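Please look over the sequence and the three-dimensional structure shown below.

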Amino acid sequence: MARGTDLIIDLREKRFPSLPTPLFKDLKLSVPASEILVVLGPSGIGKSSLLRMIAGIDNDYDGTITL
């Protein structure tokens, strides 16, 4: 049996004032507690921003992230 809780991400939008388009738009992701997830991508794509939102450091987004 898995320990911990599921990660459920339902982001309608995350934007920065300096960017002309949203960083994330309509991002939906569900990760069961027993799964391992790897976030890969080029520099500037939003990996650290996503992890900051999951950790609760950045709360400036439209949507929900549930652990």
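V39 is found in the loop between β2 (24-31) and α1 (47-55), where helices (H or I, at least four residues) and strands (E, at least two) are DSSP runs numbered from the N terminus. The model is a predicted one, in which local features need pLDDT of at least 70 and side-chain atom pairs count only at pLDDT 80 or more, while totals for chains, interfaces and linings use all residues. Residues are numbered from 1 along each chain as its sequence is written, and side-chain values use heavy atoms, with hydrogens and water left out.

V39 counts as partly exposed because its relative accessibility is 34%; buried means under 20% relative accessible area, exposed over 50%, and partly exposed in between (1.4 Å probe, protein chains only). Together with L29, L37 and L51, V39 makes a nonpolar surface patch of about 310 Å². Such patches are made of residues with over 30% relative accessible area and no salt bridge, with like charges joined within 9 Å and nonpolar side chains (Val, Leu, Ile, Met, Phe, Trp, Tyr) within 5 Å. The areas come from the Shrake-Rupley method with a 1.4 Å probe, and for residues only the protein chains shown count as cover.

The charged pairs come next. A salt bridge is a side-chain nitrogen of Lys or Arg within 4 Å of a carboxyl oxygen of Asp or Glu, and by this rule the count comes to 5 salt bridges. One of them joins D10 to K28, with the closest N and O atoms 3.0 Å apart. D10 lies in strand β1 (residues 7-14) and K28 in strand β2, so this pair ties together parts that are 18 residues apart in sequence. D10 is partly exposed at 22% relative accessibility, whereas K28 is exposed at 61%.

A further salt bridge is formed by R12 and D62, whose closest N and O atoms are 3.3 Å apart. Because R12 belongs to strand β1 and D62 to strand β3 (residues 62-66), the pair ties together parts 50 residues apart in sequence. R12 is partly exposed, with a relative accessible area of 39%, and D62 is partly exposed with a value of 39%.

E13 and K25 also form a salt bridge, at 3.6 Å between the closest N and O atoms. This pair links distant parts of the chain, E13 in strand β1 and K25 in strand β2, 12 residues apart. Salt bridges link E13, R15 and K25 in a network.

In α1, S49, L50 and M53 are buried. They cover an arc of only 100 degrees around the axis, which puts them on the same side of α1; the arc is that of the directions from the helix axis to the C-beta atoms. An α-helix has 3.6 residues a turn, so residues three or four places apart point the same way. The buried residues of α1 pack against β1, β2 and β3. Just after α1, G56 takes a positive phi of about 90 degrees.

Which residues make up the largest nonpolar core? This core has 9 residues in all: L7, I9, L11, F24, V31, L50, M53, Y61 and I65. A nonpolar core is a set of buried Ala, Val, Leu, Ile, Met, Phe, Trp, Tyr and Cys residues joined through side-chain atoms within 4.5 Å. The elements that give two or more residues to this core are β1, β2 and α1, and its largest share, 3 residues, comes from β1. Leaving aside neighbours within four places in sequence, F24 is in contact (heavy atoms within 4.5 Å) with residues including L11, S49, L50 and M53.
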